[in-house]
Amino acid sequence: MLSIICFILSNGYFFLTVPYRHDVFINENKETWTVLPDTLQVDGDFVKAKVKKNHHRYFLRYKLTSKEEKEALLSVNHPLVITSSQEKVSAQSKRNLNGFDYSNYLFSQQVVGIYQLKDIVEVKEKSLSIIHPIELISSFRASSYQSINQTFLPYTSFYMTSLLLGINDGENREVWNKLSLSHLFALSGLHVTFLVMMIRSVLLRAGITKEVTSIIECLFLLLFVGLSGYSVGVIRASLQHIIKKSSTHYQWYLSSLDCWSVTLFIHTFLFPTVLLTIGGKLSYYLSFLIIFIQPIISTYKKYQQTIFFQLLLTFFSLPLICYYFFEFNILSGLFSLLFTPILFQVLLPLLVISFITLAFLPNFIIISIESIVRMIHLFAIWCQKWTMFQVTTGTFSKVLLILIIIGQFGCLIYWEKVKKISAKQVSFILLSPFMILSIKYINPFGMIAFVDVGQGDAIFIQLPFHQGNYLIDTGGSLSFEQEAWKQKINSKRNADYTLLPFLKSKGVSKLDALFITHAHEDHFGDMDRLSEEVTIKQIITTPGAYEQENFQRKLEKMNVSSVHQVTQKNQLTLSNLQLDVLSPLGVGDGQNNDSLVLKVTIHQKAFLLMGDLEKEGELRLIDQYKQDDLKADCIKVGHHGSKTSSYHDFIEKVDPSQAIILVGENNRFKHPSPETLETLTNHDIAIFRTDEDGMIYQKWLPFKKEMLKMTSIK
């Protein structure tokens, strides 16, 4: 009871004082920062670091000016004292439905401000001292990372830095995410258990007493917390192990659940926002499950215990995983059974021994280790290619999540009481993730969404009851030739942060049609990345766009069986969705004035989607069509609100009451132009802009005549 009261008081104090805990004044002219070497992240010509100053945490950013400056930073293994001028950067809030909220993330990390370093006056290394153990550990971690990358080949380097140091650079992690096994790479209780068992075995065999061995274990865990980069899972598992050892030694007679509770209390006292992080929630939820499951399966044979443990842990964690990541792999239980022993009984021991002896390893041993690690990775890639088992659930309510978890625990409690479990309860445990999957098929709401993809276009239409999913353009960004040292290692594209999370949150694993308005990268640039995550049944574009070399290059990378070319002569009816093609008139050049212009009518509301059509194309439409054909309730303004589009006479013909401008925040083109905004304002048109409003969307119900109100994310 005392622990619960202390827990409530300590956490209550933190959250009640949040309004008073803000960024203290930072002198923009000159400040001194102490940067720990293992917090430095260098990617291309971009550097970021996490620092602590005046008892507050900050993120620093810096743009490198030369290759020599980058090489110097990559070799840093001592704390740096940097004197510089800086500029405060605003934290970006959520810009799309169910998207990543950076400001919330900063709060969960207790970071109070972001600063862009400008003119660096002085940089000097700080001497290491035993009175600053955190700096010593940081230096050792940075040195270890550099030594691993210099000694070992790529696959070995990735797995060694991931499993021993908690550094997950590169794209190899994506394979494990697709297998729903990313938790194996989040340094956690599995790693702690293995390392403690290894240390204990070596020390006891060397004749060290159990009492001394226990002390060495606890000291090692305190060190490993720092070496792991203060991973939530490692802190939780280490604390729990130390409390359990202390309970045994001092005869406190704490149960496993008591140890878990005390661990949670201490952890949240030190880091009050730990349960606001996904890693924190998963770590404590899974460790709680383990405490529940282990006594229930203890009566079974050893091999049965292993199977039950992995399957139960997998299926019980899936509702929480689906809630945050919107997808799971049906075979994740089987993959967990298969890869857990490979990673923790083969790979991890091999990597630990290799790390300890890296200074003495001959070249042929290094190559042999790489071959073994590469073989394991290629096997994981082969398993990941079974995409038919990857299921996208979409978002669902917290109420449903809680009900499923309560139901699952009800089954466990019954199993524990009667020492057996019925077929109905087994079915509930195994099928609960699929209950989540069915939610999208009973959702009666349809939606048209103007997705915020920055300086580009992406418009998504979903029919009620998941009867059809359509996308008009994908967004994307122009890539420019850069010197090799400036190129980023992180291969994530714009769609990975904007379009794809939104589509997955809507349960989209297949698009019935992808429309590409024209052959500009900001409209189709991410369609190849999209096709890696979502099945595209058909692409519909213009003859001019189809002929463009840049479009064909993208198309060659994609597995799409059907590409249709349309002009104004076509009227498209796709699963109860009717679209009129107003442009182009024929074969064009695939550029702005050859844009695919669509008129979509949903529940008596007409949307005119202009692509990047400019004044020349708008005048052509005025000549070609009667006013009734062009009239629309809502217009997606052409060319991101540029002054070359939205000609006065054309807007008068369309006569919309609403205008949507898809435009990037602080874009270098200064879109939308004052002229376009003035034209729209003079016609009393309500203006929605993604740079100011974030994603803009409107829903409808099949049994209502009118659509619901137009809404934005902000």
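Reader: Where does Pro584 sit?
Author: Pro584 is in the loop between strand S18 (577–583) and strand S19 (597–602). Keep in mind that this is a predicted model.

Reader: And what kind of peptide bond joins Ser583 and Pro584?
Author: A cis one, with omega at about 10°.

Reader: What about the bond between His671 and Pro672?
Author: The peptide bond joining His671 to Pro672 is cis, and its omega is about -5°. Pro672 belongs to the loop between strand S22 (658–661) and helix H26 (674–682).

Reader: How does the lining of the second largest cavity split by class?
Author: Three residues are nonpolar, two are polar and one is charged.

Reader: OK, how many cavities of 30 Å³ or more are there?
Author: Two. The largest cavity holds about 40 Å³ of space.

Reader: Who lines the largest cavity?
Author: Asp457, Ile459, Ile472, Asp473, Thr517, Leu596, Leu598, Leu609, Gly611 and Lys636. By class, the lining of the largest cavity comes to five nonpolar, two polar and three charged residues.

Reader: Is Phe460 buried or exposed?
Author: Phe460 is buried, because its relative accessible area is 0%. Its place is in strand S10.

Reader: What is Phe460 in contact with, once you leave aside neighbours within four places in sequence?
Author: Quite a list: Met447, Ile448, Ala449, Val451, Asn469, Tyr470, Leu471, Phe502, Leu503, Lys506, Val508 and Leu511.

Reader: And Gln462, which strand is that in?
Author: Strand S10, which runs over residues 459–462. Gln462 counts as buried because its relative accessibility is 4%.

Reader: What does the side chain of Gln462 make a polar contact with?
Author: With the side chain of His466, at 3.3 Å. Setting aside neighbours within four places in sequence, Gln462 also has contacts with Gly446, Met447, Gly468, Asn469, Lys506, Val508 and Trp700.

Reader: Switching to helices. Which residues of H22 are buried?
Author: Asn550, Phe551, Lys554 and Leu555, in a helix that spans residues 549–556.

Reader: Why would residues three or four places apart point the same way?
Author: An α-helix has 3.6 residues a turn, so residues with that spacing point the same way.

Reader: What's on the face of H22 turned away from its buried side?
Author: That face carries two exposed residues, Glu549 and Glu556.

Reader: And what covers the buried residues of H22?
Author: The cover includes helix H19 (521–524), helix H20 (527–533) and helix H21 (543–547), plus strand S15 (539–541) and strand S16 (563–565).

Reader: Now Thr314. Buried or exposed?
Author: Thr314 counts as buried because its relative accessibility is 8%. You'll find Thr314 in helix H12 (residues 302–325). Not counting residues up to four places away in sequence, Thr314 touches Ser332, Gly333 and Ser336.

Reader: Last topic, backbone angles. What's the phi of Asn54?
Author: About 55°, which is positive although Asn54 is not a glycine. Asn54 is placed in the loop between strand S3 (46–53) and strand S4 (56–63). At 46% relative accessibility, Asn54 counts as partly exposed.

Reader: And what is phi for Tyr230?
Author: Near 60°, again a positive value in a residue other than glycine. Tyr230 is in the loop between helix H8 (210–227) and helix H9 (232–250). Tyr230 is partly exposed, with a relative accessible area of 37%.

Note on methods. Residues numbered from 1 in each chain as written. Predicted model: local features only at pLDDT ≥ 70, side-chain atom pairs only at ≥ 80, totals over all residues. Heavy atoms only, no water. Buried < 20%, exposed > 50% of the residue type's maximum accessible area, 1.4 Å probe, protein only. Helix = DSSP H or I, 4+ residues; strand = E, 2+ residues; numbered from the N terminus. Contact = heavy atoms within 4.5 Å. 1 Å grid on protein atoms, 1.4 Å probe; cavity = no way out; pocket = protein on both sides within 12 Å on 5 of 7 lines; lining within 4 Å. Points joined across faces, edges and corners; volume = space filled by probe spheres on them. Nonpolar A, V, L, I, M, F, W, Y, C, P; charged D, E, K, R; others polar. Polar contact = N/O pair within 3.5 Å; in protein donor to acceptor, adjacent residues only side chain to side chain.
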